[in-house]
Structures are given as C-alpha cells and as structure tokens.
Amino acid sequence: MVFTARAIIEVIGHPEDHVNEISKKVLENLKKENGITIIKEEPNSAELVKENIYAAHVEVELKFFDLGKLLNFCYEYLPSEMQIIDAEKIVLSSNEMNNGLGEMLRRLHRLNLMLHNLNEANKELKDNK
C-alpha cells in the first residue's frame, strides 16, 4: 500500500552552523531514499532554544511505497511528529505486514543488544574503579 504522510524532523545541538548543516544533510539523504518520494519540503533555520543549544526542523510531506519504507523512515530519521494524511482505512497484505514487523523486530533486537553491551561495559568500568 502507498502512504502519504507529513513529518517533522528535528535536529538539535550546537553550534548553530553545525545544526543547519546537519539539517540540510538530513534532507539531502532523504531525497536519496529508495521507495520514498518527497512531495513537499520546508526546511527551517536553527533557532536558539536553550543556552547554547539550537534546534532546526524540516517539515516534509512524503509518499512511501510500502509499510517497510514508512517504518524505515521512522527508524532512520526519528521524526518528532508523523501523520498519515491520505488514508482513513489502511489495508495491508499479510506479506507487507510481516515484512514491516520483521524489520521492526530486527531493529529492536539490535538496540537491545547494544543496550546490553553498554550496560556490561558500564558494569566493568564501575568494577575497575
């Protein structure tokens, strides 16, 4: 199933120039994604949000050519907001749903392993003090 969605991607950090540069790179990388078409883009320049911390955001309207591409976008770009705008009812084949769930589970397992390894490394550091 094809989805059209709006998303907001935020970049936070410092200095201001770096945040603006990364924000532009995020948009450049998104334009290269297979299975995703940018319909509309509205990049915004970084603004000071807290002492020495800047935030920029890119608002995009995107067309995703399957659930896997939509999920991959969420994992890779971590949008702060995501909204499906063209479907009141979503109908997926079991194959598309299974592929999406498989991708989600692969990423969750990878994150779980990474957290486990970090936790073990943290324990080793504490034990060596």
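Q: Where does Thr4 lie, and why is Thr4 called buried?
A: In this predicted model, Thr4 lies in strand 1. Its relative accessibility is 7%, and buried means under 20%, so Thr4 counts as buried.

Q: Which residues does Thr4 touch, not counting residues up to four places away in sequence?
A: Thr4 touches Ile39, Glu61, Leu62, Lys63, Gln83, Ile84, Ile85 and Asp86.

Q: What makes the pairing of the Thr4 side chain with the side chain of Lys63 a polar contact?
A: The distance between the side chain of Thr4 and that of Lys63 is 2.9 Å, and a polar contact asks for a pair of N or O atoms within 3.5 Å, one able to donate a hydrogen and the other to accept it, so the pair is listed as a polar contact.

Q: How far apart are Thr4 and Pro15 in sequence and in space?
A: Thr4 and Pro15 are 11 residues apart in sequence, while their C-alpha atoms are 34 Å apart in space. Pro15 is found in the loop between strand 1 (3-13) and helix 1.

Q: What is the form of the peptide bond from His14 to Pro15?
A: The bond from His14 to Pro15 is cis, with omega near -5 degrees.

Q: Why is His18 called partly exposed?
A: His18, whose place is in helix 1 (residues 16-31), has a relative accessibility of 39%.

Q: What is noted about phi of Asn52 and of Leu78?
A: Phi of Asn52 is near 65 degrees, a positive value in a residue other than glycine, and phi of Leu78, also a residue other than glycine, is positive as well, near 40 degrees. In general, most residues other than glycine have a negative phi.

Q: How do the axes of helix 2 and helix 3 lie, and why is helix 2 called roughly parallel to helix 3?
A: The axes of helix 2 (residues 67-77) and helix 3 (residues 94-127) come within 8 Å and cross at roughly 20 degrees. Angles under 35 degrees count as roughly parallel, so helix 2 is roughly parallel to helix 3. Helix 2 passes helix 3 in a right-handed crossing.

Q: Which residues meet between helix 2 and helix 3?
A: From helix 2, Leu67, Leu71, Asn72, Tyr75 and Glu76 meet Glu96, Met97, Gly100, Glu103, Met104 and Arg107 of helix 3. By class, this contact has 5 nonpolar, 2 polar and 4 charged residues.

Q: How do you know that Arg107 is buried, and what does its side chain contact?
A: Arg107, found in helix 3, has 12% relative accessibility, and with the limit for buried at under 20%, Arg107 therefore counts as buried. The side chain of Arg107 makes a polar contact with that of Glu76 at 2.8 Å.

Terms used:
Residues numbered from 1 in each chain as written. Predicted model: local features only at pLDDT ≥ 70, side-chain atom pairs only at ≥ 80, totals over all residues. Heavy atoms only, no water. Axes fitted to C-alpha atoms, helices over the stretch in contact; angles between N-to-C directions. Helix = DSSP H or I, 4+ residues; strand = E, 2+ residues; numbered from the N terminus. Parallel < 35°, antiparallel > 145°, perpendicular 65-115°, else oblique. Left-handed = near helix turned anticlockwise from the far one by under 90°. Contact = heavy atoms within 4.5 Å. Nonpolar A, V, L, I, M, F, W, Y, C, P; charged D, E, K, R; others polar. Buried < 20%, exposed > 50% of the residue type's maximum accessible area, 1.4 Å probe, protein only.
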